[in-house]
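Here is a briefing on how two protein chains meet and on the side-chain pairs found in them. Please look at the sequence and the model first, and then read the points below with the structure at hand.

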Amino acid sequence: MQGAELRKKIKEVIVDELMLEIEPSEIGDKAPIFGGDGLGLDSVDALQLVVALEKHFGLKIGNSTAAKGILESVETIASEIEKAA
Amino acid sequence: MRSILITGGNGGLGLGIARFFLTRDPDCKVWLGVRKNRDAAEQCASEFDGRCALIDLEVTSPEAWSAAIEKITTESGRLDVLVNNAGMHSDHLLAMMPAESWHGVISSNLDSVFHGCKAVTTTMMRQRFGRIINIASLSAIMPPLGQTNYAAAKAGVVALTRTLAKETARSGITVNVVLPGYVETEALGDMDEDARKQAKAGIPMRRFGKPEEVAAAVHFLASAEASYITGASLKIDGGIF
């Protein structure tokens with residue numbers, strides 16, 4: 001899975017696993033996931049997302065420094081998954 | 001099949017909890033975490049052939065925890081319930097307490113719970129289901145003389161439980177703690193008859209608890225029905241306040 005299909009699936013995983021009350025399509029590819037302009041998520045959500053990305057895409061994120069960069073947006077997550085594939 | 005790990009699996013309380021699960025839930029497998037002493041755990045495993053197994057687990061070792069969880073999830077496919085029951089006490093007045101007594105009790109009662117919770121959290125998050133029940137003690141909130149180490153460790157377990165409950169609440173994992181008072185196990189073995197009479201006089205129910213009375217609470221907290229209870233501290237002590 002890659003390209004637009006991958007990005008759509010990542011958004012579905014974010015909404016489903018983090019129990020967000022929005023539609024996956026409302027998340028922009030390059031929109032920040034965390035921080036003031038993000039989805040209002042916190043560090044607990046970040047941990048949950050790390051576990052979910054490994055479960056659904058086999059993406060292993062080793063530490064919190066790496067997680068900060070990878071979890072910036074759907075685009076950065078997708079790039080990391082595509083790189084690892 | 002529900003998979004349940006109980007540490008301190010050779011002790012009276014651990015075995016009481018194990019037998020409670022095994023007799024009430026035909027569809028569960030209980031793993032008894034043990035170290036050197038394992039006679040009573042082996043007896044339990046033979047009674048519930050195929051549904052109860054021993055697993056080597058030095059609870060103060062993160063490596064031992066990783067190996068144990070790996071084995072359980074490989075063989076059972078999942079881990080639903082962790083009961084952090086292992087512990088020990090080494091009572092001294094603080095002024096006379098050897099440093100090794102302090103560190104040993106903190107390590108076996110508090111560090112062990114940290115290592116155990118850390119070892120299972122990711123697995124339970126992946127499952128989006130988990131039940132962690134920590135066994136503290138009434139000493140956490142009503143400490144007797146001579147237990148600065150044990151009381152501090154168990155109070156730490158209560159605080160750890162409440163914090164972890166918040167961190168895992170969105171993941172389908174509940175974390176609760178029970179605080180048994182006097183329970184008829186080998187832990188009371190060093191009390192003489194006078195000390196037992198004196199202790200009972202301070203309990204409104206005028207008796208010590210039975211392991212199965214603690215087990216019943218643990219069993220409930222581990223159930224699907226207890227899904228909205230997390231971060232709770234439950235005293236089980238015959239009414240001591």
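Glu17(A) has a relative accessibility of 4% and therefore counts as buried, where buried means under 20% relative accessible area, exposed means over 50%, and partly exposed lies in between (1.4 Å probe, protein chains only). This is a predicted model, in which local features need pLDDT of at least 70 and side-chain atom pairs count only at pLDDT 80 or more, while totals for chains, interfaces and linings use all residues. Residues are numbered from 1 along each chain as its sequence is written, chains are lettered from A and ligands numbered from 1 in the order in which they are written, and side-chain values use heavy atoms, with hydrogens and water left out.

**Salt bridges between the chains**

- Side chains of opposite charge can pair when their charged atoms come close.
- Glu17(A) forms a salt bridge with Arg128(B), with 2.8 Å between the closest N and O atoms; a salt bridge is a side-chain nitrogen of Lys or Arg within 4 Å of a carboxyl oxygen of Asp or Glu.
- This pair joins two chains, because Glu17(A) lies in helix α1 of chain A and Arg128(B) in the loop between α4 and β5 (130–135) of chain B; helices (H or I, at least four residues) and strands (E, at least two) are DSSP runs, numbered from the N terminus.
- Arg128(B) counts as partly exposed, at 25% relative accessibility.
- Asp45(A) and Arg170(B) also meet through their side chains in a salt bridge (2.8 Å, N to O).
- Asp45(A) is buried, with a relative accessible area of 5%, whereas Arg170(B) counts as partly exposed at 34% relative accessibility.

**The interface as a whole**

- Across the interface of chain B and chain A, the rule finds four salt bridges.
- Of the side of chain B that touches chain A, the largest share, three residues, comes from helix α4 (residues 99–127) of chain B.
- By class, that side of chain B has one nonpolar, two polar and four charged residues, where Ala, Val, Leu, Ile, Met, Phe, Trp, Tyr, Cys and Pro count as nonpolar, Asp, Glu, Lys and Arg as charged, and the others, Gly among them, as polar.
- Seven residues of chain B are in contact with 10 residues of chain A, contact meaning heavy atoms within 4.5 Å.

**Salt bridges within chain A**

- A search of the whole structure finds 19 salt bridges over all chains.
- Arg7(A) forms a salt bridge with Glu82(A), the closest N and O atoms being 3.1 Å apart.
- Because Arg7(A) lies in helix α1 (residues 3–17) and Glu82(A) in helix α4 (residues 74–84) of chain A, the pair ties together parts that are 75 residues apart in sequence.
- Arg7(A) counts as buried at 11% relative accessibility, whereas Glu82(A) is partly exposed, with a relative accessible area of 28%.
- Arg7(A), Glu75(A) and Glu82(A) are linked in a network of salt bridges.

**An aromatic pair in chain B**

- The count comes to one aromatic pair over all chains; rings of Phe, Tyr and Trp (its six-membered ring) pair if their centres lie within 6.5 Å, and planes under 30 degrees apart count as stacked, over 60 as edge-to-face and the rest as tilted.
- Tyr182(B) and Phe208(B) form this stacked pair, with 5.3 Å centre to centre and 20 degrees between the planes.
- Tyr182(B) counts as partly exposed at 33% relative accessibility, whereas Phe208(B) counts as buried at 4%.
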